Amino acid sequence: VRFNIAWRSAAWQLVEAHTLSIPYAGGSRIDMPVVLLESTSTGRRAWFANFHNPADTPNLGNNARWRAEAAGIEIAHLTDLHLQDGVPVVVTGDFNERAEIFCRFTAGGVFSAAAGGSTGAGCIPPSSMQVDWIFGSTGVSFDDYAVTDTGRASDHAMVHARATLAAGE
């Protein structure tokens with residue numbers, strides 16, 4: 001499976017799954033996963049999504065146009081999911097952008113970044129940014145954000161944080 005989401009089946013059960021067709025390098029479409037999970041202990045639900053937007057490389061060329069289109073699709077879809085019934089959304093991904101994707105995700109006031117920075121109008125990104133991000137909608141709070149070297153496991157450091165669903169969510 002090229003892109004996926006994994007969870008502990010003792011803690012979460014799948015309620016719904018679908019994919020979102022995102023433009024990748026040169027505009028070719030790739031399906032990215034979106035799942036609705038329910039906590040086996042509390043019954044609380046949350047949407048989870050994972051995306052990989054195209055980079056600019058000598059082999060792939062300049063993909064700024066496709067990254068921008070992909071981000072628009074991703075943000076619109078996840079915002080709609082959250083606004084339908086208030087179910088929190090957690091999204092991770094290699095967005096291959098720093099301030100650009102941060103400002104786009106947080107501009108509407110629905111999403112915040114685990115790495116910190118502003119939400120809503122007046123974009124102020126966190127002081128240290130990766131191309132890999134964790135965002136959460138209202139109803140999600142983050143702590144213990146860290147960037148950890150992965151050695152040979154990946155060409156990226158691993159970003160991770162603890163996400164907590166607000167009471168009643």
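Close-up 1. Arg162 has a relative accessibility of 46%, so it counts as partly exposed (buried is under 20% relative accessible area, exposed over 50%, partly exposed in between, using a 1.4 Å probe and protein chains only). This is a predicted model: local features need pLDDT of at least 70, side-chain atom pairs count only at pLDDT 80 or more, and totals for chains, interfaces and linings use all residues. Residues are numbered from 1 along each chain as its sequence is written, and side-chain values use heavy atoms, with hydrogens and water left out. Asp143 makes a salt bridge with Arg162, with the closest N and O atoms 2.9 Å apart (a salt bridge puts a side-chain nitrogen of Lys or Arg within 4 Å of a carboxyl oxygen of Asp or Glu). That pair links distant parts of the chain, as Asp143 sits in strand β7 (residues 140–148) and Arg162 in strand β8 (residues 158–165), 19 residues apart. Strands are DSSP runs of E with at least two residues, helices are H or I runs of at least four, and both are numbered from the N terminus. Asp143 is partly exposed too, at 38%.

**Close-up 2. Asp144 on Arg162.** Here the side chains of Asp144 and Arg162 meet in a salt bridge, 1.8 Å from N to O. Asp144 is in strand β7 and Arg162 in strand β8, so this pair ties together parts 18 residues apart in sequence. Asp144 has a relative accessible area of 47%, which makes it partly exposed.

**Close-up 3. Glu69 and Arg29, helix to strand.** Glu69 pairs with Arg29 in a salt bridge whose closest N and O atoms are 3.3 Å apart. Glu69 belongs to helix α1 (residues 64–85) and Arg29 to strand β2 (residues 29–39), so to speak a link between distant parts of the chain, 40 residues apart. Glu69 is partly exposed at 32%, and Arg29 is partly exposed at 45%.

**Close-up 4. Helix α1 against helix α2.** The axes of α1 and helix α2 (residues 99–106) come within 10 Å and cross at roughly 30° (axes are lines fitted to C-alpha atoms over the stretch in contact, with angles from 0 to 180 degrees between N-to-C directions). That makes α1 roughly parallel to α2, a label for angles under 35 degrees. On the α1 side, the contact uses Ala68, Ala71, Gly72, Ile75 and Leu78, and on the α2 side Ile101, Arg104 and Phe105, where contact means heavy atoms within 4.5 Å.

Note on methods. Angles under 35 degrees count as roughly parallel, over 145 as roughly antiparallel, 65 to 115 as roughly perpendicular and the rest as oblique.
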